[in-house]
Amino acid sequence: MIFWEIAKRNLRIHLLRSTLAMLGIVIGVVAIASMGILGNSLVLSVSDSLHTVGDSVIVSPYAGGGSGFGQGGGGGGSTSLKITDQQFQQIKRAVAPNIAIPVLQTADIMKLGVGSDTIVAPIYGINPDDVDKLLNLKAGSYSRSESGCLVGSKFADDHNVQVGSRISIGTDGDKGTLRVTGIIEERGISFDISTDSAIVVTQNWFDTTYNRNDYDTVVVKVNQGVDSAVVKTTIEKQMNKRDKVVSVMDSKATLATIFSAFGAVTTFVSAIGGISMIVAGVSIFNIMMMSVTERIKEIGIMRSIGTQKREVMSMFMYEAAILGIVGSVIGGVLSLIAGYAISALLLKTTKYLFVWSSATPIIEGVCFGIVISLACGIYPAWKAANLSPIEAMRHE
Amino acid sequence: MNEQPVMVFKDVVKVYPLPAGDVTALDGVSFRVDRGEFISIMGPSGSGKSTLLNLMGCLDTPTSGDIFISGTRIGDMSDTELTNLRRDRIGFIFQYFNLFPLLNIIENVTFPMMLKSQKAVDPEKGREVLRSVQLDDKLFSHTPTELSGGQQQRVAVARSLINNPDILLCDEPTGNLDSKTGDGIMDLMTELNRKGTTIIMVTHDAHIAEYSRRTVRIADGRIVA
C-alpha cells in the first residue's frame with residue numbers, strides 16, 4: 001500500500017527525529033516493564049520465602065485486653081500474656097478436626113561446647129507428637145527424649161552445629177545440656193514460629209525448666225480444602241464472646257494483604273514509569289504535528305488529485321504506529337535486560353525473571369507504548385486529513 | 001449528434017464571507033466546455049481565475065448556481081464523492097509540478113491509479129504514459145528532485161493522464177519553465193488535445209494562450225469575452 005510506503009520513507013528521511021521519538025517510547029516501555037518485572041520478582045521472592053507458612057491460623061493473647069489471662073508464666077518469657085491450657089482446649093475443640101499445636105517460647109543464654117562463646121537464642125517448646133506437623137527436618141530425626149533438641153538451619157550454620165552436638169542451656173549450663181537430634185529445614189519468614197535461628201525443645205523439658213503451665217501461641221494447621229478465614233472466625237467467636245482475649249491471625253489473609261501491598265507498590269512505580277511514557281507520547285505528538293506542518297502542501301496536492309481524508313489520515317497513523325511498534329518492541333527487549341540487571345542487583349537473583357508472570361509487565365509495557373503512540377498520532381492525522389485542499393495547496 | 005458537454009457552469013456565484021464583508025469572487029458565470037476543446041482562461045490578478053479553477057476542479061462548491069461535470073451536478077456532493085470525482089474524471093497540472101518527493105517517477109505517475117484501484121498497480125501502465133509524454137526510460141526510477149523542471153512537468157502531465165480523465169485542468173503549466181521548455185510542454189498538450197483530451201488552462205501568458213483553440217477572458221468575477 002502506497003501510504004504505508006510513504007510513511008516508512010518519511011520516517012527514514014527524518015531518521016534522527018524519528019529515532020529520538022522512538023527513544024522516548026523505548027525509555028517509557030523499559031521504565032514500565034522493568035519496574036513491573038522488579039515488582040513481580042519481589043512478590044515471587046517473598047512468596048518463596050513464605051511458602052512454608054501454608055494455611056495456618058495463629059492464635060496469640062490479645063495484648064490490648066489486659067484481663068482474663070494467666071499472668072506471670074515461666075521464667076524468661078518476654079510477655080506476661082499467655083494462653084492457658086483451658087483456653088487451648090477450647091481452641092482445640094473449636095477448630096477440630098484441624099490440628100491445634102500449642103507453642104511455648106522464650107530466649108535464653110546457651111553455650112555450644114567447651115571454650116565456645118555464650119550466645120542468646122530463641123527456644124521453642126513443642127509437644128513431640130506435634131513437632132513433625134509443624135517442622136520439616138533436613139538432617140537427623142525428631143526427638144522424643146527430653147534431653148534432645150532440634151536446631152534451625154541458620155543456627156546450625158552460624159555455630160557449626162551438627163546432629164549429635166551438645167548445647168548447654170543457662171548460665172554455665174545450669175538448666176541442663178541438650179543433644180541435637182535434627183536440623184530443621186530453612187523456613188524463612190514465617191508467621192507462626194521462626195526456627196531458623198532458634199532451638200526447639202520438647203514441651204515437657206520447657207515446662208519443667210521454665211516452670212510453665214501455659215502457652216505463648218497456638219498454631220492451628222488448617223486441613224486442605226478448609227477455608228482458613230472460617231477457622232479464624234470460629235476461634236474468634238468461641239474465644240472473644242464477651243471480651244477480646246485472643247488475637248487471631250489468618251496467615252493466608254495476611255499473605256494476601258502483603259501481596260496486595262506489593263502489588264500496590266509495583267503499580268505505583270510502574271505508574272511513575274508511565275509518566276515517562278506520557279512524555280514520550282507528547283514527543284510523538286510534537287513530531288507528528290511537525291510532519292503535518294511540513295507536508296501541508298503535499299497533503300493539499302494529494303487531496304486535489306483524489307486522495308480521501310481517511311487515506312491521508314492512515315498515512316500519518318502508519319507513521320505513529322511504526323514509531324510505537326518499533327519503539328515498544330525494542331523497549332520490551334531492553335526491559336528484559338534492565339529487569340535482569342535490577343533483579344540481580346536488588347534481589348541478588350534472576351531466577352524469577354524467566355517466568356510467565358514476568359512477561360506480563362513486558363506485554364503491558366509494549367501494548368501501552370503502542371496505544372500511547374497511536375493515541376498521540378490521532379489528532380495530527382485528523383488535522384492533516386481535514387485540511388482544506390485549497391488552503392493546503394496555497395501553503396508555502 | 002448532440003454530445004453531452006464535459007463541463008457546464010450555470011449562473012455560478014461564489015461569495016467568500018470575510019469579517020470585513022462578503023467578497024464576490026464569481027458573479028453569475030455561465031459557460032460550457034465540450035469534449036475535445038482546448039480552452040485558455042485569462043484575466044488579471046484577482047479577477048476570479050483561481051476561484052473558477054477551484055470550482056472546475058471540484059475543490060470547492062458554488063454559493064449559488066449549478067456546475068455539471070460530465071452530466072453530474074456537483075453542488076450537493078459530499079467530500080468523498082467530490083474526491084472520487086477529482087480522482088476519476090479530472091487531471092490536474094500545476095505550475096510548480098507538485099510531484100511527491102518521497103516517491104520515484106513511476107510511483108508518482110501511478111499514484112492516482114493506486115488511489116482508484118486501492119491496490120498495487122502494474123507499473124507498465126505508468127511507463128507507457130511516461131513514454132507518451134516523451135520522458136526517457138532511464139529516469140523512471142529517479143526521484144522528482146533529480147529531474148529538470150521540464151522533465152518534472154512531463155511527469156506531472158503523465159500523472160494527470162493516468163486515470164484517463166474527462167478534463168485536464170492546467171494552472172499556469174509553463175509558469176515555472178523557460179520559454180523553450182514551456183513550448184515543449186505546450187506542444188505536448190496540443191498533441192494530447194489532438195488525440196481527444198479536453199484541456200482547460202489558466203494562464204497569464206498570451207503566447208501560451210495561443211496554443212488553445214478558445215480563450216475565455218474573466219474580469220471582476222464575470223466572463224467578459
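Modeller: Helices α3(B) and α4(B) are roughly perpendicular to each other, a label for angles of 65 to 115 degrees (under 35 is roughly parallel, over 145 roughly antiparallel, and the rest oblique). This is a predicted model, in which local features need pLDDT of at least 70 and side-chain atom pairs 80 or more, while totals for chains, interfaces and linings use all residues. Residues are numbered from 1 along each chain as written, with chains lettered from A and ligands numbered from 1 in written order.

Helix α3 (residues 105-117) and helix α4 (residues 123-132) of chain B pack at about 105°, their axes 9 Å apart. The axes are lines fitted to C-alpha atoms over the stretch in contact, and angles run from 0 to 180 degrees between N-to-C directions. Helices are DSSP runs of H or I with at least four residues, strands runs of E with at least two, numbered from the N terminus.

On the α3(B) side, the contact uses B:I105, B:I106, B:V109, B:T110 and B:M113; α4(B) brings B:P123, B:K125, B:G126, B:R127, B:V129 and B:L130. Contact here requires C-beta atoms, placed from the backbone, within 7 Å.

As for the strands, β3 (residues 38-42) and β9 (residues 214-219) of chain B run parallel, joined by four bridges; pairing takes at least two DSSP bridges. B:M42 stands opposite B:R217 of β9(B). β9(B) also forms a hairpin with β10(B), with two residues between them, and B:D220 in that turn has a positive phi of about 50°.

Notes. Two residues are in contact if their C-beta atoms, placed from the backbone, lie within 7 Å.
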